[in-house]
Amino acid sequence: MRIRDFTLTTVFLAIILLFALTPIGFIHLGVIKATIIHIPIIIASIILGPRIGAFLGLAFGISSVITNTIAPTLLSFAFSPAIPVLGTSQGSLWALFIAIVPRVIVGILPYFLYKFLQKVLAKMKSNLKVSLFLTGLLTTVLHTFLIMGSIALVFHDAYAQAMKVDSVLGVIAAVLTVFFTNGIAEATLAAVATAVVVPPLLKIAKK
C-alpha cells in the first residue's frame, strides 16, 4: 500500500510540475486561458486522501510562486512577494497566501466532498460518476472564488489599476468576468476529467 501510494504520489507530482512549469498546463479557449494544473490534485485527493492532496496542492502553490517570479505577468504581484505590487516599489507577503493556501485547500476538499456526495447520492444508479463530476466542478469553483476573491480583497487598488477600473463596482465586474469565463471553463474541464479518470484509478487502488 505504501509503495503504491508513494508511486502514485510521485506520478501526480511529476504531472503537476510538468503542467505548472510548461505551457501544457494551460489551454487557450479563444480570448481566455484555462488552467488544468489543479485537476491532478483533485484526482489525487480522492484516490490517495487529503494529506497527499494537501502536499500536492502545496507543490502547485510553490510552483506558482516560482513561475510568477521567473516569468512575471500583469497580476504576478498577487502570486509572488518578489514582484512589486502595482503602484508601489515592493512586493507583499500576502502573495504567498494567495498562491499557496487556496491550492492546499484544493488538495484537501475533494476527498471529503466526494465522500459526502457519495452518501447523499447513494440511491442514484450512476452516483459514482455524478459524485466525481460534482466534486471536480465544485472544487474548481471554490478555487477560482478563493483566488480571485483574495486578490480583489487584498490587492484591491493594484487589481483595479491592472484591470483599468476606478471603482468598487468595476473591480467586482472584473472578478465576475474572470469567474464566468476562465472559472466556468476550468470547472467544466475538471468535472469531466475527474468523472472519467478517477473510476479506473479507484479500481486499481482497491486491488
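Colleague: Is Thr 9 buried or exposed?

Modeller: In this predicted model, Thr 9 belongs to helix α1, which covers residues 2-21. Its relative accessible area is 12%, and since buried means under 20%, the class that applies to Thr 9 is buried.

Colleague: Which side chain does Asp 5 meet in a salt bridge?

Modeller: Side chains of opposite charge can pair when their charged atoms come close. For Asp 5 the N to O distance is 2.6 Å, and because the cut-off for a salt bridge is 4 Å, the pair qualifies. The count for the model comes to one salt bridge, and the partner of Asp 5 is Arg 4.

Colleague: How many Å apart are the end C-alpha atoms of helix α3?

Modeller: Helix α3 runs over residues 50-70 and has 21 residues, so that at 1.5 Å a residue it should span 30 Å. The model agrees with this expectation, as the separation of the end C-alpha atoms is 30 Å.

Colleague: What covers the buried residues of α3?

Modeller: The buried residues of α3 include Ile 52, Gly 53, Ala 54, Leu 56, Gly 57 and Phe 60, and also Ser 63, Ser 64 and Asn 68. Among the elements that cover the buried residues of this helix are α1, α2 (38-48), α4 and α5.

Colleague: Which residues does Ser 64 touch, not counting residues up to four places away in sequence?

Modeller: Ser 64 sits in helix α3 and is buried, with a relative accessible area of 7%. Its C-alpha atom is separated by 9.3 Å from that of Ser 76, which is 12 residues apart from it along the chain. Leaving out residues up to four places away in sequence, Ser 64 touches Phe 79, Ala 99 and Arg 103.

Colleague: Which helices each supply at least two residues of the nonpolar patch?

Modeller: The patch, a nonpolar surface area of about 720 Å², is made by Trp 94, Phe 97, Val 101, Ile 105, Leu 142, Phe 145, Leu 153 and Val 154. Trp 94 is found in helix α4 and is partly exposed, with a relative accessible area of 47%. The helices that each supply at least two residues of the patch are α4 (94-120) and α5 (127-154).

Key
Residues are numbered from 1 along each chain as its sequence is written. This is a predicted model: local features need pLDDT of at least 70, side-chain atom pairs count only at pLDDT 80 or more; totals for chains, interfaces and linings use all residues. Side-chain values use heavy atoms; hydrogens and water are left out. Patches are made of residues with over 30% relative accessible area and no salt bridge: like charges are joined within 9 Å, nonpolar side chains (Val, Leu, Ile, Met, Phe, Trp, Tyr) within 5 Å. Accessible areas come from the Shrake-Rupley method with a 1.4 Å probe; for residues, only the protein chains shown count as cover. Helices (H or I, at least four residues) and strands (E, at least two) are DSSP runs, numbered from the N terminus. Buried means under 20% relative accessible area, exposed over 50%, partly exposed in between (1.4 Å probe, protein chains only). The expected span of a helix is 1.5 Å times one less than its number of residues. Contact means heavy atoms within 4.5 Å.
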